[in-house]
Structure formats: C-alpha cells, structure tokens
Amino acid sequence: MYERLGDDDKEALAALPATPTPPRKSQSYSQQLRSNTTGFCKKHNQLRNLSLDEERIPRGVNQFCEICDLPYSNPGAIDPSTTKGGSNRYEYRFQQVGSEAGVEDEPPFPEYVASGTGIFSVPTRAVLHPARPPYLELRPHPLRETQLGKFLRTIVCTESQLWAGQESGVRVWNLSDAHEPGIGMDGRARRGDEDAAPFYESTSTSPTMCLIIDSSSKLIWSGHKDGKIRSWKMDQTMDDNPFQEGLSWQAHRGPILCMAISSHGEIWSGSEGGVIKIWPWDIIGISLSYPPEERHLAASQMEKSFIDLKSQVTVNGVCNISSSDVKSLLADNARAKVWAAGALSFSLWDARTRELLKVYNIDGENRVDMPSPTQEQPVAEDDLNVKFVSKSKKEKSQGGFLQRSRNAIMGAAGAVRRVTTKGAVVEDSKKTEALILTADGMIWSGCANGLLIQWDGTGNRLQDFHHHRCAVQCFCTLGTRIWVGYISGVIQLLDLDGNLISGWVAHNGPVLKLAVGCSFVFSLANHGGIRGWNIFSPGPHDKIMRSEIARMEHLYTRRENIRILIGTWNVGQGRASHDALIAWLGSAVTDVDIVVVGCQEVEMGAGFLAMSAARETVGLEGSSIGQWWQDAIGKALNEGTTFERVGSRQLAGLLIAIWVRKTLRPHVGDLDVAAVACGLGRAIGNKGGVGLRLRVFDRIMCFVNCHLAAHLEAVNRRNADYDHIYRTMVFSKSNFINTAAAGVSTSSQTTRITNALGNAPEEARPNLAEADLVIFLGDFNYRLFGISYDEARDLVSQRSFDWLREKDQLRVEMAAGKVFQGMHEAHVTFPPTYKFEKGKPGLGGYDSGEKKRIPAWCDRILYRDNRPSSTAECSLECPVVVSILQYEACMEVLESDHKPVRCKLNVEIAHADRSVRRQEMGNIAKHNKDISLLHEQFHSVSDTAMSHGNIDLRNQEAFTLTITNKSGTDNASFQITCQGQLIVEEKEKEKTPNYHPRGSFGFPRWLQIVPAAGMLKPGQVMDILVTHEESKEEEVDGVPSSWWSEDTRDKELILLVNVRGNCSSETKCHRISLCHTFSPTKPVRTGSRNSSGSRRGQGGGGSTHRRSSVKRAGSTNTTPDIDSDLQNIQSP
C-alpha cells in the first residue's frame, strides 16, 4: 500500500499540463493526473469514438499449435493442405431452465479490443501441426486425474504388438488394430481411454518399472516396484477379462529399475544400491516348462538360482563398482558385453564369463582397469565411491579399511564442497539418463543437460554432441537413424555420425520412452499419450498424408458450446452472507457449465502476509478463511449435486477456484495452478496474481485472478504488475499429482523452449500465450482520471457511462498497447464498483469520508480467445470463439467496499474426434497409391551374400565367415542370432529335430561370434569370427550348470543372419547350419580341466587359451599345423 507519492511522481505531477488532451488521440495517460476539470461537464453529453473501440488484432502471427499441444515456433503461413474442408457441427448444450434461458436469444455485448503483438498475439492453430510429421495417435492425451494409479511408465514394441508398463500392471495393443476407433464412453474402457485404440490389460500388479522382449520364448519380461520379475505371453488369447501373468519370482528386495537380455539369453536385472543379478537361461528354461499348478516350485527355484555380481566383486566389504542405483542395462550383443549405467559412472561386463571388465566415469576416465590373473591389482583413488583392493590378503585387509575411512572422509568433504559451491547442480546436469546401441556398434548415452555422448565398445569416449538444452530421457534406433526424446517433449532425429536431421515438438510433456516396431517409432509422454511416428518421417509421404487428412477435416471435426460464469470480488477481509453469494453467483448459474471465482483481500495483515510468503517457499498455500470462502461459494452453487469443485489456488489474500457442472466433468481436467507475487520485492502476495489452467474438450483455458498496485497515480506500477504476471506465470501440477509417479526424471526440471532444435536461443513464449482462452479477472485498481469526486458522482447518477469510460485509465492504457494487449472487454454499462461504505445501499454508498475516493471501475473481467479477427468462425484453425452474454455488477451486495462483478461467456469450441481421425489416417495409409509406392521403395533391403551356409566346428577351432553387401548405394545392417540348438544324440532319437532356442535367440555359452552385429557400407566385406570357447564349470546354488557337459557332446545349431536396409523394418535372412564335433583323441582340455576342484579354482578367470586354428568358412581342410597347435595349448 502506497499512502504518499514518491519524489518521481511529484515531479511528474508538476510537469503536467492543465488543459485536456484532444479526445481522439490514442496515447497513454499513465502520468496524467488531471487537477483542472474546467469545461468538462459542459461536454459530457458528446459521444466520442476512441480507436480502442475498433478491433485491431494483428494478422501476422507465427505461433503454430495443433489442438492440445504447445506452440511450436515456426514463422510462416499455414500449409495450404490444412485449409478447412467443411464442418460437421453439433452442440454441447445443457437444457436451460428459469429466467436465464432467455439470455441465449439476446445479442452479445459490444466489445472493445486492445492491440497485441509478439507474446501477446493470438496463437495460431492448424488442423495438423505444419512443423510436425503426421502421426498415429494410438492413445490420445488422457486427462491426468483419470490416470491416478494407472500412469504409463514405459513401452516396448515388437513387429505386431506394443506393450506398456503401468502403475497397476501391463497393457498391450495389437498393432493390426492400431487404426481402429476407440471404444467410447459407453464401452469397456474407463475414462481417459475412450478414444484410445483397442487394448488389453493384465491383472493388477505392483507398478511396472521396466520391460524387455524375449522373442524366442514369445514372452515379455517385466520388472516391478515390489522387486518381482514377471513374464507375459505375447501370443495368448485376449478378451475383455484381464490376462494373467506367467512365471514370476521375487528377484530383488527393492524395485527393479532396469533389465536386459544378454547375447547368451540370460536375464540381467539392476536395482537400487548398484545391485546387479543374473538369471541363467538354463534355469529359466526349466522353470518355464513347469505346468501352471507348479509355478510356485518354479518361482522357488528361480529365487535360489541367481548370480549376484556385486557380491562377486566385493572383497572384505570393499566393492569394485559404484553403489549408486543402476539406471540402465544395455546388452551389447555384437561384442557379448553388458553395460551398466549409474548416475555418474559405468561398469562394463563380459556377458559370457560375467566378469567385470572396466569401471569408468561419465568423462570416460578409468576408475577400475580389471587386471589379468598374473597382474598385481593396485589401490586406486576414486571420487565416485568406487573402492579398490590389492591382491594379497594382508593388503586387502589393510587397504580396505584405510580406503573405506578415506572414502568416507573425502565423501563428506566432497558433499560439503558441492553444497557450498553449488557443485551438486553441475553433477546433476551430467547424470546419465539413457543408453542405446546403434547398428554400427557404437554406444550412445544421454545426459540431464542434453549432452549426447558417443562411446566405442570398450568404453572409450569418442564424441560429444549438444543439439538441445533439455534433459535426454530416452533413445531408440533403427538402421542408420537415432531418435532422441527429451524432457521438453521434443524428439530429434540424428544419423549415426551425430548429425541432426530433424526435430519437432512431439508432446506437450516429457517424452518418457521411445520404441520401434511395425514401421513406427512410438513415443510415450509423461501424461500417458502415445503417438506413432513413421520411421521415414520427415519425408515425402508426410506431405501426402497431411494434405489428405486435412481434406477430410469435416469428417472428424466436432463442435461444442458451453457457458462460463466469471466472478470477481474484493471482499475487504470480510465474509459474505449466503444471500449475497446467491445474488452474485447462484442466481446466474442455471445455464452455466463452468464457474470461475476470484476473490481479493480474503485475508490481509502484515503477520499473515509474512507467514504466507514463508509457506510459499516450502510449497504450502491456503488458509482456513480461504477454505471458508470456497465452501460458502460451493454451497451457493449447489456443490455436490449440480457442480463439482475442480481446484483452487491461494496466494496470501488472493484466491481463485473453479467449479464444473457434473455432466461436463468427463471432458474437463488436467488442472494446473500458478501464483505470482507482485508485492514488496516481488515476494509478498498482497498484490499479484493466482491462476488456474485446465483442459476443456482438449482446449487449454487459463483463468488469472489479479490484484494490481493501488492508488490513482500508480498506473505504471499496475502496468508493470500485469506484465510481470503475464510473462512469469508458470503453471505446475496440483499437489495431488506427482510428476515422478509418471516416471519423469527428477534430475532436471522441465525447461520451456519453443525452439525444438535448440540451435538458436529464443525467448520462450509465456504459458499464458500458449492457451486457447485466457481470462483475467480481479481488482485491477485502474481509476478514473481527470475528474473530481462530485463530477464522477453526478455522471454515475445520470448513467453517463460513455463519458466515464473515456476517463478510465484501463481503457486508455489498453488503447496505447501498454497493458492487457490483445484482450477483449465488454462495454461497461454498470456503475463504478469502488469505493463504497460497507452496509450502505444504493449509489449513495460511495465513499463520503474524509478522502472521498473517486468512484472507479476497479473490478474487471477481460478475455482473449483464438480469433485473429472479428469475423473468424469457430474451426480447428480457430478452435475457441467467445462472446459476452452478460457483464454486470451486483450493486445490492453490501458486505465490502467493492461490489462483486460477474461476466457470462458463451464459448464455442472446435476439436478433433481423435478416434475418427485415426481411422481415416489408417484408410489413407492403406488405400493411397502414392503412399504405398513410397512404402515399397523405403522398405527395400540391400542384397547381401554369405561365404558359406554350413560350418563344421571341431573342438576349439575358429571359422571365419564373410558377409558382403552387394549394393553399391545403400548401407545394410546385420544381426546374427541362434534359432536353436540340439544334441546330436537326441536328434538321432527324434523323428523331427527339435531345436531349443535360448532367451532372445541368444548363443550357447560355448559359442562366441564376433561381431554378431554390425553395419555394412556399400560394397563392404566383413569377416565374422565363429569360435568354440573353452568353458569353465560353474555352480548355481551348488548345482553345476548343464552347459558344461555339452563341451564333450556333439551339437548342432542354426544361425540366422538378419539383414536390414538403411532404415527399414523389413529383413532378409540367411540361414547357416553349424555343427560342432567333439574329438576325444585330441587334448582339447589341459590340466586345468582334469578335476572339478581345479575348474572351480578358475572361477574368477575367463577364457585364457590360445586359438588353436582359424579356418575360413568354405574350406575343407585345416592348415597343416592345426594338430600341433592343439597339442601345444598351454594352461595359464
């Protein structure tokens, strides 16, 4: 509160002219405090037309946004293919009762509009986003409150199904039904899924944290928050009943954060505290064979049959790997390795021997170089709580204790140092959020600061790329393309060299997960929406699809019509009677669908304001008096029977709340709240704004309750307060919705960046600028200038509001483009609402005390919709059109020095029927000849040749296969898998050979193929080494694994070489038969294999024999010195 003028204001007053300015000149009167009003009353009957009466909305706007998503900065005109092609109109109207029903027939109030450009301009909408590829909307953005307990966390994709993990189990979409219409409100789908493509859900389980695909077993493995691993059959029969899990067991004590299937078919799982466990395939295969009634026995066997890697590398309490949570596991099947990523470090493991190869930090600096069996293991320094040991037992004991003590001291000092120097923020920005293996064998990691890091297969950091400033959330890859999902909702497309090909805003929330399948890249947003992007986008088919779907706009456009009642009242720290609330609100809601109420000065006082500011700093808001007002208003609105309270926000004395008619409630949600303080130091909430943002029929509406700076002379401060609120108001989710519940990374806050590529810094558009409808209400405190108290009283009594409007500071400032730019207001036809003596009725109640404050229209309601011009009609290009049906003050209410004001709006809303549009897109993709032709061209696979189709492997021989890319223009990627293995003795007994595959078509432990995957350039020839590896016997829970005995048995297996094109889901397959023959006359095994005791002694070592021979596939004879080489194999 400012009781006296400052020195600057006094100087400004002294410099003001005494004569009035010509009325037609549009300018700011921010400092014009008229003291001489001579001659004014003589002209008060003249009618004047200010430029403010004319609608002046700029037509050149460059913010595009399709339907519900955030605007995307892309200067230029809308694509001609998106022009409207008709309409299919129907209205959403409640039956009107009582005297209010007649309002519909009344013409709308005349309005005046302030000019607005830049961030105040109308955001342009389009049928399809011109800067975003067309997409398959598998699951439209559901309202947040419909997802409580059902938030989707992750997705994986096969060529025929998309699986999603949610908080209560899993769900699956058959992609053959991806374009089918939704079930609808009356179907079996619950609210939020009525427009989603048909899907099926599992029985209820603990929240699903991760999913992996096992193609060979036709299973989906899921890791859960309760520490269990569960299996789900891909090919089971689905119906309306929830489907059941298969094999499940208690794998970890804490949540399972990630899983991977290694090149040998074993399941690796990571949990909190750096715990990594391995589940051997032999045990998994046996457990899967149990009948359903014996699954408890299978679970018991699995729970006993794991390998704990952390315990294996821990000696005397000292662990060689980090104790941070395992965030990602990545199987490098090309080299038979597994990567484990913590927040700030990596560990690299041998997938066959399960040995720790290397530990290093995010900068690529080695923290552990695992020694060979003959090398000493030195004690090394570690900044990441990774501890090291030396070889001798004495050194282990002493070194472990000293190292633990030193690490504890250094860790504590480092923590203090990071806090005092804000180093924690720097470390957080470097955290690894995602890992991916690309077709060329490179590994990519994404960080919380948007950095992309390329690594080679041995953990050497190669290159860094920084294309976006927000946190990386996920990757996916196919052929020569890499897709990156960011917390800002952006998806970027890169090539294998890290060059940026394209980028677009995919969702209006973080992209949690990406998955490739069925010619689509599917993206899961944190709000639960799933979209499928063609793997060839951006491309020529996008233009065809955009043009065709825009042409069919009339088929899927839907129009609704609702009414919104807005009420504002400065209650002056008092409380209202029920009759007053009925007169203000209750009497006007018979035909209203949404009620928004803003109150000012609900509670004031220095102590309360200070306490409120303190509570805001820790995320607390509201007060008992604010709650009383909400309850009292709810009672006047018949809350519980007719209306439902959706949400509220209070900042000190400012309160805003919203109620929605129950019949409309299914279409309203996603409530977000915001508050901006404009009081002392922009920290105290006696002045400021509180806002609500919600989605209505998939359109964004924002309501902001303001209390701006007081006093006649404070025009500039009021303008500044509005500008501060508009630019800085950032909406966030209500307290009952936790972002982390939906799987959003907590390492980085969402940064609003309109430039999706992040190449050029731009000013981000404020949250309010992105809404389809913005309504400002409140005590704006703009006064009448250049008029005396008595003159104002006389004009009010004569209802000469035209003259009074010309003296309205708000109207003049809006005309000058200094405040509320681009906003609409109905012509004020009610008396000024300030200032009155409490309890004194009629116009005689205006302040007659010592100060005699001049009456003023302090309490106002303004709006901005999607119309770029006054003639624009409601359509997908202009989805929200508003007209004012009522704008009045309730002069009979006497409980405050302000009168309450209400405004009734008629709102037309256009939106797309997502279910119908998805179906039409499916018809286009299926029947359009141009798209079919492009599809065939893009799905071509390069011709490749293998040097041989059969391999005869003897003992420790090594064969070299060659694969050749015969194309002269296109790259080709390949991956080798094992279709299955059988023992020759068993084959002879069986009529039909039964090849037994391992998990994900992995290789037997005795077989190693390097590389098992890779990228072939045009004309390139690549050698592939196929070897029989000497094995060591291991025990799982005291039971030897079955694969050890296979070393001395003849085996036969089928290798499949799957070849893909540059970026194609189509494959060509080469089939290779591999036979392994054991020759007992040859000394294949040396002294280390003579006894089980000596074999156990080698438990920590890997394969140390020398290659006995290398025979190129296709040759019939080995080299002459093979037998002598075999004789000379030495034990380590």
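Predicted model: local features only at pLDDT ≥ 70, side-chain atom pairs only at ≥ 80, totals over all residues.
Strand 31, which spans residues 490-495, is mostly covered, since six of its six residues are buried. The side chains are divided between two directions: Val-490, Gln-492 and Leu-494 point one way from the strand, whereas Ile-491, Leu-493 and Asp-495 point the other way, and the residues of both sets are buried. The buried residues therefore include Gln-492 and Asp-495 as well as Val-490, Ile-491, Leu-493 and Leu-494, where buried stands for under 20% relative accessible area.

Strands of a sheet pair through backbone hydrogen bonds, and the pairing can be either parallel or antiparallel. Strand 30, residues 481-486, pairs with strand 31 in the antiparallel sense over five bridges, and within this pairing Gly-485 has Ile-491 of strand 31 as its bridge partner. The two strands form a hairpin with three residues between them, and in the turn Gly-489 has a positive phi of about 90°.

Strand 31 is also joined by five bridges to strand 32, residues 500-505, and these two strands run antiparallel. Here Val-490 stands opposite Val-505 of strand 32. Strand 31 and strand 32 likewise form a hairpin, with four residues between them, and Gly-498 in that turn has a positive phi of about 85°.

## Packing of helix 16 and helix 17

Helix 16, residues 914-927, packs against helix 17, residues 929-938, at an angle of about 65°, and their axes are 5 Å apart. Because angles of 65 to 115 degrees count as roughly perpendicular, the two helices are described as roughly perpendicular to each other. On the side of helix 16 the contact is made by Ile-924, Ala-925, Lys-926 and His-927, and on the side of helix 17 by Lys-929, Ile-931 and Ser-932. Sorted by class, the contact of helix 16 with helix 17 has three nonpolar, two polar and two charged residues.

Four strands form an open sheet in the order 10-11-12-13, with antiparallel pairing. Strand 10 (208-214) and strand 13 (248-250) stand at the edges and have a single partner strand each, so one side of each is left without a neighbour in the sheet. From one strand to the next, the twist averages 20°.

Definitions and conventions: Residues numbered from 1 in each chain as written. Heavy atoms only, no water. Buried < 20%, exposed > 50% of the residue type's maximum accessible area, 1.4 Å probe, protein only. Pairing = 2+ DSSP bridges. Axes fitted to C-alpha atoms, helices over the stretch in contact; angles between N-to-C directions. Parallel < 35°, antiparallel > 145°, perpendicular 65-115°, else oblique. Contact = heavy atoms within 4.5 Å. Nonpolar A, V, L, I, M, F, W, Y, C, P; charged D, E, K, R; others polar.
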